[in-house]
Protein chains: 2
Amino acid sequence: MPKIWTDTIETHRQAVQEAAIDATAELIAEHGLLSVTMSQIAEKAGIGRATLYKYFPDVEAVLRAWHERHVGRHLEQLAHARDQADGPRERLEAVLRTYALIAYESNRHHDTEIAALLHRGAHVTKAQQHLHTMVRDLVAEAAEAGELRGDIAPAELATYCLHALTAASALPSKAAVLRLVKLTLSGLTASR
Amino acid sequence: MPKIWTDTIETHRQAVQEAAIDATAELIAEHGLLSVTMSQIAEKAGIGRATLYKYFPDVEAVLRAWHERHVGRHLEQLAHARDQADGPRERLEAVLRTYALIAYESNRHHDTEIAALLHRGAHVTKAQQHLHTMVRDLVAEAAEAGELRGDIAPAELATYCLHALTAASALPSKAAVLRLVKLTLSGLTASR
């Protein structure tokens with residue numbers, strides 16, 4: 001097959017997959033994670049059920065693809081927050097605040113069986129490692145600039161931050177989340 | 001039936017259940033959570049399989065009973081640590097250190113399917129609420145004594161502490177766990 005053909009086919013395949021994932025995202029927003037079916041996805045995406053089954057063997061596979069995209073977008077959001085801020089401490093604070101707000105917003109998905117299943121995926125482990133590295137580097141940068149405590153290694157400080165901020169999912173308001181971010185940061189600067 | 005009889009029967013029932021749970025605890029220590037069977041439990045407990053089935057319908061039920069006892073003992077350990085310490089800040093620190101060490105020790109059980117199942121049980125939710133209340137009261141006591149920051153409510157500070165300390169399960173050594181406890185506490189005292 002000439003390359004132009006394989007490119008076109010690949011583009012088409014990607015478009016169909018994106019449509020299915022978009023449809024899934026809408027269905028999740030409307031009805032929650034647990035009640036999505038293959039028929040609904042096909043109908044919403046404007047494709048046949050047979051076509052959908054060519055790309056995804058079952059609902060779990062579409063949900064996993066949706067979740068991978070979802071997690072990928074959160075990482076982009078965090079990198080964006082980092083790159084918008086000026087100065088080492090500000091960059092760290094922007095990333096931690098964005099992370100806490102994401103944890104707060106995704107709170108409502110977290111108590112279902114499906115969410116537990118998705119969170120065990122390899123893409124989540126990879127994303128968590130990526131995030132840990134991002135935060136560790138920002139902590140190291142701020143510590144070198146003398147803006148954070150220097151008595152504990154950056155990797156340990158990053159582990160502390162990311163766990164402390166998961167508390168956001170148990171908090172009742174955005175104001176409480178912002179207090180949590182301040183509180184977590186003040187642990188990092190205590191021996192300054 | 002006279003009361004002395006029902007008491008004796010109740011004592012016997014409890015003894016059999018305790019024996020089954022003890023046997024399960026030993027089997028878990030030897031082989032891990034996933035490979036425990038009803039036959040092994042009965043053999044180790046020195047009771048017949050039929051007797052075991054009178055008390056527990058399946059392995060999951062014995063594991064749940066074991067986990068309830070396990071969680072209950074952790075709560076006793078935390079209350080003991082609190083009652084041994086002198087002074088509001090010392091009491092809080094003792095409880096947080098004990099909690100972090102428990103999280104660190106139980107790390108190795110945490111990535112199995114069964115552990116996920118056990119952790120969804122109602123007894124875990126109840127234990128978490130109990131622990132949150134214990135820490136919240138200690139925080140309130142220390143804040144009233146002027147030993148902690150007063151700008152954030154004790155319940156929010158408790159939520160922060162308990163989440164931050166779950167980082168212990170991701171740390172490589174006890175020394176790192178003790179640094180985490182110091183770090184978490186220093187967040188609580190930053191605006192002192």
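**Symmetry and interface of chains A and B**

In this predicted model, chain A is superposed on chain B by a rotation of 180° with 0.0 Å of shift along its axis, at an RMSD of 0.1 Å. Such a relation is that of a two-fold axis.

Contact between the two chains involves 26 residues of chain A and 26 residues of chain B. Together the chains bury an area of about 2,000 Å², to which carbon and sulfur atoms contribute 65%. Of the area that chain A buries against chain B, 29% comes from Glu156(A), Tyr160(A) and Leu183(A), more than from any other three residues.

Polar interactions also cross the interface. Seven residue pairs, both members at pLDDT 80 or more, are found in polar contact between chain A and chain B, and the count of salt bridges between these chains is two. In a salt bridge with an N to O distance of 2.7 Å, the side chain of Glu156(A) meets that of Arg179(B).

On the side of chain A that touches chain B, at least two residues each are supplied by helix 6 (113-119), helix 8 (154-165) and helix 9 (174-189) of chain A. Helix 9 of chain A gives the most to this side, with nine residues. By class, the side of chain A that touches chain B comprises 13 nonpolar, six polar and seven charged residues.

Terms used
Residues numbered from 1 in each chain as written. Chains lettered and ligands numbered in written order. Predicted model: local features only at pLDDT ≥ 70, side-chain atom pairs only at ≥ 80, totals over all residues. Heavy atoms only, no water. Contact = heavy atoms within 4.5 Å. Buried area = accessible area lost by both parts, 1.4 Å probe. Salt bridge = Lys/Arg side-chain N within 4 Å of Asp/Glu carboxyl O. Polar contact = N/O pair within 3.5 Å; in protein donor to acceptor, adjacent residues only side chain to side chain. Helix = DSSP H or I, 4+ residues; strand = E, 2+ residues; numbered from the N terminus. Nonpolar A, V, L, I, M, F, W, Y, C, P; charged D, E, K, R; others polar. Least-squares fit on C-alpha atoms with pLDDT ≥ 70 in both.
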